[in-house]
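Hi,

Here is the structure I said I would pass on. Have a look at it first, and then read my notes below.

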Amino acid sequence: MSASKKHFVRFALILLTIAAVSINAKAQSDKIEGLWYNDVKSAKIQITKENNGKFYGKVVWLKEPLKNGKPKVDEMNTDEKLRSRPRLGLPVLADFVKDGENKYSGGTIYDPNNGKTYSCKMTCKGETLDIRGYIGISLFGRTTTWSRAE
């Protein structure tokens, strides 16, 4: 086999390997991973699965990113030291574990509108995500529905 054919075969094998890894990575991604609009479509939250196997979400887009001409900050946070954090990039979901086919539990949700963190569980229903934030037991809570963003 000529040198050019060997290089072509190597190149083709490398491309096939990259394609297989990429397809496999997509197949292994979880239902809730990706971009979601909050219930009022004022923000997009990127949900990812981290190396520890848990799911996290952070704000990656705001419909109104500015307040008085400056980037919005986490001004309602109960911890005064965190009030200067930008709202863009703000972590709002933390520590969720998959708990069945479409359920995720054990996590928390942070509400930047009141600066409070709540226990939380989520249920994925295809293109929507029911998010129930609560204090103590889920009976005493509130559910909002997020929708998949493109």
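**Aromatic pairs and what surrounds them**

Tyr-104 is buried, with a relative accessible area of 0%; buried here means under 20% relative accessible area, exposed means over 50%, and partly exposed is in between (1.4 Å probe, protein chains only). Before going on, a caveat: this is a predicted model, so local features need pLDDT of at least 70 and side-chain atom pairs count only at pLDDT 80 or more, while totals for chains, interfaces and linings use all residues. Residues are numbered from 1 along each chain as its sequence is written, and side-chain values use heavy atoms, with hydrogens and water left out.

I looked for ring pairs among Phe, Tyr and Trp (its six-membered ring), with centres within 6.5 Å; planes under 30 degrees apart are stacked, over 60 edge-to-face, and the rest tilted. That gives 2 aromatic pairs. In one, the ring centres of Tyr-37 and Trp-61 are 6.1 Å apart and the planes meet at 85°, so this pair is edge-to-face. Tyr-37 belongs to strand β1 (residues 34-37) and Trp-61 to strand β3 (residues 55-62), so to speak distant parts of the chain, 24 residues apart. Helices (H or I, at least four residues) and strands (E, at least two) are DSSP runs, numbered from the N terminus. Trp-61 is partly exposed, at 32% relative accessibility.

The other pair is Phe-55 with Tyr-104: centres 5.4 Å apart, planes at 85°, so edge-to-face. This pair also links distant parts of the chain, with Phe-55 in β3 and Tyr-104 in strand β7 (residues 103-111), 49 residues apart. Phe-55 is buried, at a relative accessible area of 1%.

Charges turn up at rings too; I count one as sitting over a ring if NZ of Lys or CZ of Arg is within 6 Å of the ring centre and within 35 degrees of the ring normal. The charged end of Lys-44 is placed like this over Trp-61, 5.3 Å from the ring centre. Arg-85 has its charged end over the ring of Tyr-110, 5.8 Å from the centre.

**Strands**

The chain has 1 helix and 10 strands, with the helix leading in the pattern α-β-β-β-β-β-β-β-β-β-β. Strands pair if DSSP finds at least two bridges between them. β3 and strand β6 (residues 91-98) run antiparallel, joined by 3 bridges, and Phe-55 has Phe-96 as its bridge partner in β6. β6 is also joined to β7, again antiparallel, by 4 bridges. There, Tyr-104 is the bridge partner of Lys-98. The β6-β7 hairpin has 4 residues between the strands, and Gly-100 in it takes a positive phi near 110°.

**The core**

What makes up the largest nonpolar core? A core is a set of buried Ala, Val, Leu, Ile, Met, Phe, Trp, Tyr and Cys residues joined through side-chain atoms within 4.5 Å. The largest has 22 residues, and those with the most contacts inside it are Ile-32, Ile-47, Leu-93, Met-122, Leu-129 and Trp-146. Elements giving two or more residues are β2 (43-49), β3, β6, β7, β8 (116-125) and β9 (128-134). β8 gives the most, with 4 residues. Leaving aside residues up to four places away in sequence, Leu-129 touches residues including Ile-32, Ile-47, Met-122 and Trp-146, contact meaning heavy atoms within 4.5 Å. Across the 150 residues of the chain, 27% count as buried.

Cheers
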